[in-house]
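Here are some notes to read alongside the model, written as numbered points. Please keep the viewer open as you go through them.

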Amino acid sequence: MLLLGCIKEVSAYELAISLPNGLSGFVPVTQISDAYSKLLTKQVAQGELLEELHSLPDMYSPGTLVRCIVTSSEKSADGRRSVKLSIDPKEVNKGLSSTALAAGMVLSGSVLSVEDHGYLIDIGVTGTHAFLPHQKAKNYIKAVKKGPDLKIGQNLNCLIVEVKNEGRVVCLSIDRSEVAASIATERQNWALSNLLPGLVVKARVQKVAPLGMKLTFLSYFTGIVDFMHMDPEKSMSYSPDQVVKACVLSVHPTSRAVRLTLRLPFLHPGGAPRQLPAQRMGAVLEEATVKAFYKQFGAIFELDDGTLAFARLKHLSKTRKSFKPGAFKEGCKHKCRIIDYSLMDEMCVISLKHQIIEAQFLQYQDIHTGDVVKGKVLSLKPIGMQVKVADGIRGLVPSLHLSDVILKQPEKKYNIGDEVKCRVLECNPGGKKLILTLKKSLVQSKLPVLSSYEDAKPGLITHGFVVCAREFGCIVKFYNDVKGLVPQNELGSEPISCPDKVFYEGQVLKVMVLKCEPQQERLLLSFRLSSKPGPEEKQKGTPKEKQEMKYQIGEIVDVKILKKKDNGLEVSILEDEDNVVAWIPTLHLSDFVATSKLLWHCLQEGDVLPRVMYLSDKGEHITLSRKSAVISAVQEEQVVRSFSEIQPGMLLTGYVRNVMPFGVFVEFPFGVTGLAPKVSMSDKFVTDTKDHFVVGQTVIAKVMSTDEEKQRVLLNLKVSECSSGDSAAESFALLNQYFKELKEIRNLLRRGEPSICELMPGKGVHLVVQDVREDGSALFSGSSVTGLTVTASRYHLGYKNIAPGEKRKALVLHVDALASQVYVSLREELLKQRP
């Protein structure tokens, strides 16, 4: 079957073609032309790139009309039909013979070779040599902007200018104005066996029917124009015997059926149909009006911008059973989504199916690098795992990315049909290429996604994965194939002589960008996340250096919040003419870790924080702290300014920097760090260090010993060893500070969540039982606790049987403002003690 098609997408290996009536097919790279296939075979045999062989994107552009012939039509396992096409002139023009060729004919040709005075063109007619002079090609070459010359394998819409020697030699033109002016006539002796799609004819209306009309053309041919191919402006005004201009859309050789179009862009040979604006693809429209319903095909709708759209029958409802024809009378309105655009019909293709309207992704263009997506396992192969993300969207998880560690037998972890949560490493919509990762540390990472060299600003900390570890260092990859080098001296705080024994391929690590040259795609990285400014910065005398000289560690300043970030607050120091920008890590907002998180939650951009201490100038920011105990220690000079000042027996106030399986690292103001080994961490027996300390926690540590040669400090964190003597006074001071900060948080919460502020521990509230859980705990509701989750454990119900709907008086035990949870008690002994 011969069809007129329009190129929709061009990739290295195929052309995606839009066909009439919303159909689509594809032309493999081997079905372009004989000359092109020979060049491909030669390149494969020689194993090197040929200068005269150009890629399909170099020769073809979306929106170009081409004549195609169907070579095969297959149905896949999921019921989708795949139509394979050819644009090879030998196939498309096989009905033509050299004697049938006449001046004025328009037909397909393909560039065979480049000669001195023009081009030899393959028009697929045996015994005929076709020549295209440079003069007749120059305007076309200028218009398509695909280079100074036509390329071997380029498909052309040719007009026969002259026929010599009984059709053995023909002279051609591809000048757009000459081709566009041609109309097929009876003098050209067209027969049904060689009639070509794309021919423009004068036709006479024979019969008009609801689904289309019948035309006669070229004296004795008859053709059909269906409802989708009438001119939308004139569809109601056609009448028998009317003369119209039409274009042949398709010719079926066995049924001898000819279909035509009356749509305007096709009425000039070589015309181009209108494209859909990119932003409209995938758009959800609240109201589309039914214009016409065809019970065997579907419905035509008018969209919000006045254009027409078509919905196939299967896209009008979820299932055939749920389909209600009455809902598609003219004028009815429906919610829909644009799922495709048929270039050959100049119509949007829409769907009314709820699952398609709600779908997160419809096409590869909807997916962006760094997105977290869900998919189903389709297959497991040595190269990796194929995952179905949505209908028509498939991705590959390379074997290196199946897990945080290399899996020798992935089939034991994953089964076909399993739902998996992946992150997009690379997405190329043009090539329909989607690369995913299943590494949990990448999928769950909250750090920025590094997907271009331009984003790699010095100081940026992100996650990457090792692709190579050698004696010179490690090569680390990120998203979109961005990669950089971690040199040997930046692999760790201690020198690493054999990186390949410490790091492994696929290992996910946090890295910091030291330097980036985007033009050269060069990236220098470090595994040491708190590096000092490099010599380049010092030479320049950056503004940052001036900032550092202004303030001394321990200086107290007031600040205003500029920006809230995931791990802290960006602030400007008030009463400073230079508007110095500084950083308060979340964990430095308070001595209490839980309070720090609450404060971060409550504070807003623009708030002023008084009495914040200048802590350090290491790394990329000036760092400030609001830890009251640390500020007091600095002000009372209970600190050490350098390693040489440390003496065994000293009590120092600091904060936990890192919790390791073998102990806890504690940092003090002025940058001194010490280690509390597992045995000296707690008065209790320590099994897991993480059960006893968290990063950011304020602690008082006792110096046990120092090693001047290795610059090491050993600490003791046992409470029994770390008291200055008056432990009661210390405890009350800490409690007092805790309640003072809670009061501050309550005032901040009043701005956004007033109801939670009134719920003080010890307050009585009237509640209604909502639900009793299996473990014996209960859920409550009430006017004073709107929007909060209120629970009481089985113990705090007093082991009484209560039923949903009962009204009860309860006592507030604890309020978790971060989680919007309130814990209450119904025990009589607590309720009686309330004043």
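1. Let me start with R808, which is partly exposed at a relative accessible area of 24%; partly exposed sits between buried (under 20% relative accessible area) and exposed (over 50%), with a 1.4 Å probe and protein chains only. R808 forms a salt bridge with E806, and their closest N and O atoms are 2.9 Å apart. A salt bridge here is a side-chain nitrogen of Lys or Arg within 4 Å of a carboxyl oxygen of Asp or Glu. E806 also counts as partly exposed, at 27% relative accessibility.

2. A word on the ground rules. This is a predicted model, with residues numbered from 1 along each chain as its sequence is written. Local features need pLDDT of at least 70 and side-chain atom pairs count only at pLDDT 80 or more, while totals for chains, interfaces and linings use all residues, and side-chain values use heavy atoms, with hydrogens and water left out.

3. On confidence, the chain has an average pLDDT of 85, and 94% of the residues score at least 70; pLDDT is the predictor's confidence in each residue, from 0 to 100. Residues 531–549 have a pLDDT below 50, and this stretch has 17 contacts in the model beyond near neighbours in sequence. A contact means heavy atoms within 4.5 Å. Where pLDDT is low, the predicted coordinates should not be read in detail.

4. The whole structure holds 22 salt bridges. One of them pairs E178 with K136, at 3.1 Å between the closest N and O atoms. This pair links distant parts of the chain, 42 residues apart: E178 is in helix α5 (residues 176–180), and K136 is in the loop between β8 (129–133) and α4 (138–144). Helices (H or I, at least four residues) and strands (E, at least two) are DSSP runs, numbered from the N terminus. E178 is partly exposed at 27% relative accessibility, and K136 is partly exposed at 26%.

5. K565 and E570 also meet through their side chains in a salt bridge, 3.2 Å from N to O. K565 counts as partly exposed at 33% relative accessibility, whereas E570 counts as buried at 16%.

6. Do have a look at D88, in the loop between β5 (81–86) and α3 (89–92). D88 is buried yet has no salt bridge, and K90, the nearest side chain of opposite charge, is 5.8 Å away. For charge, Lys and Arg count as positive and Asp and Glu as negative, while His and the chain ends are not counted. Setting aside residues up to four places away in sequence, D88 touches Q31, I32, S33, D34 and D122.

7. On the surface, F732, L735 and F739 make up a nonpolar patch with about 350 Å² of accessible area together. Patch residues have over 30% relative accessible area and no salt bridge; like charges are joined within 9 Å, and nonpolar side chains (Val, Leu, Ile, Met, Phe, Trp, Tyr) within 5 Å. The areas come from the Shrake-Rupley method with a 1.4 Å probe, and for residues only the protein chains shown count as cover. L735 belongs to helix α13 (residues 727–752) and is partly exposed, at 42% relative accessible area.

8. Finally, E419 lies in strand β24 (residues 419–428) and counts as exposed at 58% relative accessibility. Leaving aside neighbours within four places in sequence, E419 is in contact with K374 and G375.
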